Amino acid sequence: MVRNVLVTALLVLAGVGGGVWWARSTAPPQEIVVDVEARRYAYEPPVLRARQGDVLRLRLRSTDVVHGFFLEGYDLDARIVPERPDFEVWRPSEVQWAEAEKRGELPTKTESSVEVSSLQGIRRVREVVLRLDRPGRFRYRCSHTCGFMHPFMQGELIVTPNYPFHVGVGAAIGLTLAFLAWRPVDPSRRRGTSS
Amino acid sequence: MSVRPDVMTESVVDRPAPKRPYLKGRWMDLGERVRPLQGLLRWRSFQFLAILPNLFLFYFFILAALWGTPVGNRNIMIVFVWILWWFILITLWVPLAGRLWCTMCPIPALGEWLQRLRLVTVRFASKAKGFKNVLFGLNRKWPRALDNIWLQNLLFLTLATFSALLVTRPIVSAFVLGGMIVLALGLALVFRHRVFCRYLCPVSGFLGLYAMTSSVALRSRDWDVCVRCPTKGCMLGSENGWGCPWMVYMGKLDRSNYCGLCFECLKSCPNDNIGLFVRPFGVTETRILHLDEAYKAFIMLVLAAVYSVTLLGPWGTFKDWANVTETGDWRGFLAYAALVWGACLVAFPAMYGLLVKVSQWASRWRGRRVLVPASASANGAGEPDFRTLFLRFSYPLVPLGLLAWIAFSLPLFFVNGSYIVSVLSDPLGWGWDLLGTAHVPWKPLIPEWVPVLQAGVLLGGLAVALRTGWAIAWELWRDPRRARWGLAPMAGLWLMVTVGFLWLFTG
């Protein structure tokens, strides 16, 4: 039994280590410009891939109705009106767009771009700039009810190294190999069996 | 007071050990340890009182679906049933308590009450042959040819094909759930006992499969007592309880699939021989006996992947295909339906069967190179045939599938949970603000941590699948080398499934 536990622990640890090694990246940072088009009930492109340290310039458009763009991990939210080249963006996401509209506090001037790290409150922009300092997988979701399938409208921003995936796969492989190396336990030495 | 030696001898030394063939590993008789719980479960009003609030809520949800807003995330039917109820069911009730939902489910209640013509008490006829309870209705027996869960499998697949409509349109949910009540009521008047739950309810089908993993199980404390019992009250009924509505005989029950946890047997048993046992999750009840049960495991696993792609994935094409009433893309919907049914009933079972065959070849090939140990021959372990391997190795897909469903359900709750708070104040989406929470903004809860939690849950599922798979391989071959070679192709499949889900949720 002790041998089995030790083998399992060692192989899972080896798998985790392999996953970390697999996930690492040494490529230099780059700037990526993406036009994201929102439509019922998907974003185009559905998946954005980048590396930690990259700069992402996002331009948001809608082709049908008003959509939102809530980006996990960066606490960013946006409101995209159809057929407009600019959009409203705010941070933190708790800021209430509807309340601001009631109070007449929505911005009237459109800026060419805004950097997320310096963003406070609601701004109207043509482009939002994200420095991707956090690795992992972040979903962007529609935050304005846009129809029946609204809760399932989402896209993905994958910033490598994406440890949960690579480490998860490494651990799964280690776990599988460990069980294949298991030896049967003598039933007479097993404890805690009730009858 | 002196101790009588003869009594001591009889009660302590000569008393045979209780026959409990289902006990493997650590089990605890919860009823013996916690006597008030045993008392509560024996209380005749227990199930009625468990059902009643759910019944009121259920009818309120149906009314809300019919008269409230058609926007799903603003209607209590969608938010409470498909976000809150589903999350609690799959992450807590099923792994911890198996079919506990069946104890309190309001769907068959009206039919059962009408069949019994009682809400709480028992109708008993001591002179009646066979069943001792008097039931209203035609009292027909369910056809033998349908004594399986194929109908449940097909009904569940049908509902799953329309799931994008079911979980986003309150009106569709109302008609489906309302239809289930009507069907259960009609069947209760024609057939005896809960045939709707046992053979037709799509939810019951997967609850039964995943109840095999649960940490709680109702069992006879000693099978020999059941064999000697002259009344068989658990099966035929008594003045204290109805005969098992699920048509289960406790004296042979060693799997939880078809025990609906109604606790009638606790009340009707004249020998106090029924106990509620606590056991480890996922590893004690590992026998899939029939092809319909194996297919249920395939269907559930494939559907977890299908839902993850359609509902949680970023790909709009699949959503457009599934959301057919809005997009009108019937050709796409047919392609989607063909993909779902083909994957569940043909592609995955075929791939699984092929790997079972490889497993059989691998163990035989290894068997030629090693001498079968004497212990193996003594244990009667021969060469398992394809059918045995096919059924036995389908069990590890049960914990693997359940944990995949839990991983799927985590973002449903953590991302959309804030709708629960707002809908509480405005259940019909009519602009009310009953509790002052109607305008709580939508805000996902710990969204960055959800993929990490999902990865952990999936790895847990793989660990339980491998642990049970290893035990099954050992039981089948009784030789470590042959068991290892036989297990390897199946372990490869479970690994592949886990990596697939890891990619869907975190990759």
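1. A word on terms to begin: helices (H or I, at least four residues) and strands (E, at least two) are DSSP runs, numbered from the N terminus. With that in hand, chain B of this predicted model turns out to have 25 helices and 3 strands.

2. Next, the inside of chain B. Buried residues make up 48% of the 507 in chain B. Among contacts in chain B with a separation of 6 or more, 80% are between residues 24 or more positions apart.

3. Now to where the two chains meet: 42 residues of chain A are in contact with 47 residues of chain B. On the side of chain B that touches chain A, the elements giving two or more residues are α17 (316-322), α24 (450-477) and α25 (480-506). The largest share comes from α25(B), with 11 residues. Sorted by class, this side of chain B has 30 nonpolar, 10 polar and 7 charged residues.

4. Finally, a look at chain A. Its domain assignment gives domain 1 in two pieces, 2-24 and 168-184, and domain 2 as 31-160. Taken over C-alpha atoms, the centres of domain 1 and domain 2 of chain A are 40 Å apart.

How values were computed: Residues numbered from 1 in each chain as written. Chains lettered and ligands numbered in written order. Predicted model: local features only at pLDDT ≥ 70, side-chain atom pairs only at ≥ 80, totals over all residues. Contact = placed C-beta atoms within 7 Å. Nonpolar A, V, L, I, M, F, W, Y, C, P; charged D, E, K, R; others polar. Buried ≥ 20, exposed ≤ 12 C-beta atoms within 10 Å, placed from the backbone. Domains from an automatic or database assignment.
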